[in-house]
Amino acid sequence: MTAFLAFRRGWSAASRSKVALLLMWFTYALIAKIVAVPAVLLLLDPLAHSRMAGKLLSHFDVGWLGDLIETANSTTAALSGAAALAAALTWLVAVLFAGGILTMLDERWERFSFPLFCSGAGEHFWRILRLSLFGLVCYALAWGVGRVPSLLAKKIYGQGMEGWPLGVAAIVGPVLTVLLLGWVATVLDYAKVRLVSGRKRGSF
């Protein structure tokens, strides 16, 4: 099967499962509000003490955001907890949905069934979660390997007169990191499919 044909079949399967897509969109939208709502409140807080708040909001000027640079550090610190919570929830929900979606695709459902979706999600949750935890280690290793060219270039040419090796390393490093991260993501996706379609009890 070619990549184009696989994409077409995946698109066709997704288009037949509008309820699943709506469920995923709604869930991720709720998670996004964990960060979005505090961010909006923090951004609007300076305007709450201004007599010009109404006019500024009715005729919003993008340049106003530049005046908030001084409070960026405090805003980032205030949102870090919400961002961490949203990231953790997104990861767990993605793991949960993966079991249901892959079950749906493996069994070639003609119509979406919420009970069967939940059953598949629950059945494969812990195995996919363990696989995802292992994937985090692999992502960290890929990121570390991607930094090797820059570290070697600084070690060898850091005190030298020629700067082009550092420039080449600065390009090679990010490209290598992206390629390695993409490869790890592909391997993990394939492993998830094998877990669900093969009905394996273990994650490895």
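Helix H7, residues 164-197, has 34 residues and reaches 50 Å from its first C-alpha to its last. That span is close to the 50 Å expected at 1.5 Å a residue. The helix belongs to a predicted model with seven helices and zero strands in the chain. Of the 204 residues of the chain, 25% count as buried.

**Helix H7**

- The buried residues of H7 begin with Pro165, Ala169, Gly173 and Thr177, and continue with Val184, Leu188, Lys192, Leu195 and Val196.
- Val184 touches Gly135, Cys138, Tyr139 and Ala142, when residues up to four places away in sequence are not counted.

**The chain as a whole**

- Read from the N terminus, the elements run α-α-α-α-α-α-α.

**Confidence of the prediction**

- The average pLDDT of the chain is 76, and 72% of the residues score at least 70.
- Among the elements, helix H5 (residues 114-146) has the highest mean pLDDT, at 89.
- The lowest mean, 55, belongs to helix H3 (residues 53-58).
- Where pLDDT is low, the predicted coordinates should not be read in detail.

**Nonpolar cores**

- The largest nonpolar core has 13 residues, and Val95, Ile128 and Val184 have the most contacts inside it.
- Helices H4, H5 and H7 each supply at least two residues of this core.
- The greatest contribution to this core comes from H5, which gives six residues.
- Another core, of ten residues, lies apart from it; Ala20, Ala86, Met104 and Phe117 are among its members.

- Val95 is found in helix H4.
- Its relative accessible area is 2%, so Val95 counts as buried, the cut-off being under 20%.
- Beyond its neighbours within four places in sequence, Val95 is in contact with Phe125, Ile128, Leu129 and Ser132.
- The C-alpha atoms of Val95 and Trp126 are separated by 8.7 Å, while the two residues are 31 apart along the chain.

**Aromatic pairs**

- A search of the whole structure finds two aromatic pairs.
- Phe97 and Phe117 form a tilted pair, with 5.9 Å from centre to centre and 55° between the planes.
- This pair links distant parts of the chain: Phe97 lies in helix H4 (residues 72-106) and Phe117 in helix H5, 20 residues apart.
- Both Phe97 and Phe117 are buried.
- Phe125 and Trp126 form an edge-to-face pair, with 5.1 Å from centre to centre and 75° between the planes.
- Phe125 has a relative accessible area of 17% and is therefore buried, since that value is under 20%.
- Trp126 has a relative accessibility of 56% and is therefore exposed, since that value is over 50%.

- Thr27 has its place in helix H2 (residues 18-44).
- The relative accessible area of Thr27 is 18%, so this residue is buried.
- Leaving aside neighbours within four places in sequence, Thr27 is in contact with Val93 and Phe97.
- Gly100 has its place in helix H4.
- The relative accessible area of Gly100 is 0%, so this residue is buried as well.
- With neighbours within four places in sequence again left aside, Gly100 is in contact with Phe117, Gly120 and Ala121.

Key
Residues are numbered from 1 along each chain as its sequence is written. This is a predicted model: local features need pLDDT of at least 70, side-chain atom pairs count only at pLDDT 80 or more; totals for chains, interfaces and linings use all residues. Side-chain values use heavy atoms; hydrogens and water are left out. Helices (H or I, at least four residues) and strands (E, at least two) are DSSP runs, numbered from the N terminus. The expected span of a helix is 1.5 Å times one less than its number of residues. Buried means under 20% relative accessible area, exposed over 50%, partly exposed in between (1.4 Å probe, protein chains only). pLDDT is the predictor's confidence in each residue, from 0 to 100. Rings of Phe, Tyr and Trp (its six-membered ring) pair if their centres lie within 6.5 Å; planes under 30 degrees apart count as stacked, over 60 as edge-to-face and the rest as tilted. A nonpolar core is a set of buried Ala, Val, Leu, Ile, Met, Phe, Trp, Tyr and Cys residues joined through side-chain atoms within 4.5 Å. Contact means heavy atoms within 4.5 Å.
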